[in-house]
Amino acid sequence: MTALVSRNAWSLGLIGLLLVLVAMTKIIQPDFGLSGLESLSRAALPFAFATAGMAVVVIVGGIDLSVASMMAVCSVTAAVLMPSLGGVAGVLLVLAIGAAMGAINGALIVLTRVPDIVVTLAMLFVWEGTALLILETPGGGVPGWLRQGIGGYFVIPGLPKALLLIAVIVAVIWIPLRRSKSGLAIYATGSHENAAFRSGVVVGRTRVLAYGICGLFCAFGGLSLVSLTGIGEPVPGPYLLASVAAVVLGGVVLGGGRGGLLGPIIAVFVLRIIRTILTLAGVDPNVTTIVEGTVMVAVVMLATVVTYRRVRV
Amino acid sequence: MLTDNTSQPLLDAANVTKSFGAVHALTNASLRVGVGEIVALMGANGAGKSTFVKILTGALHPDGGEVIIKGKAAHVGSPAEARASGLVPVYQEPSLVPDLSVFDNLRLTDTPVEAFIDFVEKLGIENLSLNAMISALPLATLRILDLARALASKPDVLLLDEMTAALPTDLVERVLSVVREAADAGCGVVYISHRFAEISAICDTATVLRDGKTVGELKIEPGVEDRVVELMLGAKIDLGQREVGKESRIRTVTPRLSVNGITAAPKLKDVSFDLYPGEVLGVVALEGQGQDELFEVLAGFEKPSDGSIEVDGEPVTFSHPADAIAKGLTLVPGDRADALMAERSVRENIALPFSASIRNWGPLRQRHEKSRVAHAIERLQIDTRAQGEVQRLSGGNQQKVTIGRWLAKGVETLLLFDPTRGIDVRTKRQIYPLVRELAEQGAAVLFYTSELEEVPLACDRAVVIFNGHVVDVIDASKADEQTLMRAAYGLSKTESAA
Amino acid sequence: MSMVSEERNPVQLGRYLRDNPVVPLIALLFFLIAVLEFMKPGMIIPLRGGRDGLVSIFWVGNLIKFAIPLAMLAACQVLTMLTAGIDLSAGVVATVSAFVCATLSPLIGIQLAMLIALGAGGMVGLVNGVGSGVVRVHPLIMTLGTGLIATGCLQVYQRFVISTGTEIPQMLVWLGTGRTLGLPNGLFLFVPFALVILWIMRFSGFGRLLFALGSNENAASLSGVRSWQVLVALYTLSGLIAALAGLLYLGMIRAPSLSLANPLLLPSVAAAVIGGTSIFGGRGSFAGAIVGALILRVIDTMLTLLQMPQGARILIFGLIILTVTGIYERIIRQG
């Protein structure tokens, strides 16, 4: 019970931090309002999906360095196929491709027994190359409804569609999984592989499943990328480090077994709003990149120190 | 208490064999457990107990022989299948997932919750919340929960592997009575423990393993202890004689190493002893009595939670093995794999400490290094035919390399943790005189061994550790195996600890 | 591979390759060169194309010239991989160093500019070392992060020097583009550099500790090695090497940009892996990495001849890393 509260306390704390940051934004720029929140949510979309995917593999005790590359593959596939294939079929196909790529990563890790970090580093390049082969320069296009689908508000003004999309998609995939035996197996594997194995968990299959889910989230990330820009972009964006930072800031312990998806997604907004604040404060966008990078590295370092201490006790 | 011999046994493992490369871990192990029977599985360290347990629970495949559960050959490929076939193990390390709640752990194994709660209450754990995180519960509670989970799944055979180790006495009593109750209800139990008190309290028979073979099945009755000890020891291999007249006489007033009330989680509690220059002090203990923690503390890997260490009369604290080495305390760990760079050469392995300090990062002192290494190799008679990679050497030669590292550096206080585990007799015979010789030259040696017959061969005195405490100090002249074995099992006190 | 006799069983073959990676690698290099000559007759042997000469010195010189900066960055990977680490900031560090040197030279003079460029590389490396050695963040994440931050810093820096123009030190141009007896002048820098690296790995206490940390960190600390000291020194050294490689590359390309040496990162990892360095630590050879760099240059030329798009190259390099480490892992488990 106390553990449950403390886990929620982490997310609650993050929400508090987020509110403070929003208030700061408002002070710096009194004009900041609903439209500001709307564009913030829209910009956060790909980050949120990359983070959700990364969170799942970190929970199972691994890491996937190829998230940004998988998103690039999905984005260019969507941009190339959709004009001819149509929207719905295109979306479904891209989602299937994403899940397949993730599952390939997982299967390679399980079968070759090469450490996850090495396999996914190699796959980072393999998927990046694949994306470039599909589309050498930014191009292609997506149906208009997809572009409009992520902008603006849903029913009531003040509820950005992008925010709703994140909430609905993550909830629809994650909540049933979390409740199921497979979800339990994911947590068990990440927490203590041997105890999980002795309790009858099929560890290899669980791992492939987790990487597959990660790929699926990356597909959503790729789709949101094309929807944001309207074209496919083959060069992977800066989502890897950002997702790792958001995952650890969101209370998921590197090494696995602990945390959920809510915390990391709130953490994405925390990290994004820092950028907004710096921009509104008139800071050079390049300096903003430096600050952002430093914050992310600092977050990961801090998380590592905390994890280390926990292990040694 | 009577076993029904007419009915088929619940568990029948016959003629099980298992080898790892050239090492024959099990040559002919058998175990039968009938309905309602509690069988103690016993054996000294290295008898093959843990390999046998792994085969019974499906973690390892036997090379030969069969494991039959309830008359069906159990082709267990994994712990999950062993569970399904009716055998449920409970280990010293609970198989509960730390970051899940109690309830989720039950869900993971499809354990009925009500039956689980019944057993938890019977075992005397009160106010347990099913939502509690496993990682937030104390180890003793976890063992109980693991046992309750196993019992709740209504196993045909329950395997308890040292699960009472380090449990408080009242809990042990409850565990024993609940296990007895389960057996009376028809469950078969394999009970593994180092404690005779527990075994005579609940077991019906004892099956004794030695050198990978089942050497006896005894009914538990008063006085059976001596018979069990005798069976566990068996006929010995001749390990040679201690050379007479090679007693070290260097005894100063100040001990080289003085350990005062050292306590270290989880198992070591308030241990004190002195080690003098010129002395080989044996440490006698069954597996997991706190000796691992003791050596880790002395070598600087771990900080004790209480107590102090003095070297040559001066108090010291270590925060890194480098600190211990600076004070002359050098460790040869129990697992050679921990100490060796498997794919590097003999020379590099022996010379590693030479480069450790930042002052020695520059050019290697080739000539100095070569002569030191050659000297150590010669003194230890290391077979250097495959010296390009340490992993290609035999186990005995690998062990010599780990000792040679400190010979080359210069020995002051040598901490030897079971240096003869799993190596050939010839090498063993070389190691005892070497240890004596080092002591004779003024070194102090702390020598833990899992093989009791080594104590009179190498040591001057031996401290006996049981359950984290020093329970006895025995002089080498009186340290015959029977005495040591009884002391190690906490059976008798020959004299009060010095 | 065709040049090793067939009757060796795979384990022995694997062990042989593991112990002596350079010999079969050189054979592979010549095999690939032969294939290249077959693909475009006369490219390497001018006689066949109706021109003079048995071996095109020009072609060989070009091959070596472009392999040098790659091999230098591969040294960063070899050294860090010995400890089971990696330096993904090497590409960015080389770029930073080149850009800083080119832009500062007109302002403060060549020597000082080069010194500051090297210092910047050392700083990034120091941060990497503290992060991975003291805080114990995985080096992959750590170096990736510092790489991103360094890129950001470079972009900010660029705004301050945008008006000053650039100057490329003559010495670097001479090293980067000049030739002596048909061979690139870069060798004047590279040969001593390679000797120093080989010396560190074989004959210094520091080098021995690199192997020790990667082979068995527990054994190292048991022997009194404080790993953090080694790692901090190692990543700082790696940063300095990357910066030096960046300077040479600047002289070669003569057009500083904000992503000058970044594309060399992936091939540098691949060159180290091909050269027999284990990404899991404890085993590595710089000589192998040099041959690995040459092999990659030849493969690159082939891919260019085949008009392979950039994507295919990245994909192939990724697959090379995956396959080689996969095979290596298999050999370890069998041996």
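How much area do chain C and chain B bury between them? About 2700 Å², with 55% of it on carbon and sulfur atoms. The views below come from a predicted model.

**View 1. Chain C meets chain B.** Here 30 residues of chain C are in contact with 35 residues of chain B. On the chain C side, Arg208(C), Leu222(C) and Ser223(C) lose the most area to chain B. Together they account for 28% of what that side buries.

**View 2. Polar links between chain C and chain B.** The interface holds 3 salt bridges. In one salt bridge, the side chain of Arg208(C) meets that of Glu369(B), at 2.9 Å from N to O. There are also 15 residue pairs in polar contact. Helix 9 (205-215) is among the elements of chain C that give two or more residues to this side. Helix 9 of chain C supplies the largest share, 7 residues. By class, the chain C side divides into 12 nonpolar, 11 polar and 7 charged residues.

**View 3. Chain A meets chain C.** In this interface, 37 residues of chain A touch 38 residues of chain C. The two chains bury about 3100 Å² between them, 82% of it on carbon and sulfur atoms. Phe125(A), Ile290(A) and Met301(A) lose the most area on the chain A side, together 16% of what that side buries.

**View 4. A salt bridge between chain A and chain C.** The count here is 1 salt bridge. Arg159(C) pairs with Asp284(A) in a salt bridge, their closest N and O atoms 2.3 Å apart. Polar contact is counted for 1 residue pair. Helix 5 of chain A gives the most to the side touching chain C, with 13 residues. That side has 26 nonpolar, 7 polar and 4 charged residues.

Notes. Residues numbered from 1 in each chain as written. Chains lettered and ligands numbered in written order. Predicted model: local features only at pLDDT ≥ 70, side-chain atom pairs only at ≥ 80, totals over all residues. Heavy atoms only, no water. Contact = heavy atoms within 4.5 Å. Buried area = accessible area lost by both parts, 1.4 Å probe. Salt bridge = Lys/Arg side-chain N within 4 Å of Asp/Glu carboxyl O. Polar contact = N/O pair within 3.5 Å; in protein donor to acceptor, adjacent residues only side chain to side chain. Helix = DSSP H or I, 4+ residues; strand = E, 2+ residues; numbered from the N terminus. Nonpolar A, V, L, I, M, F, W, Y, C, P; charged D, E, K, R; others polar.
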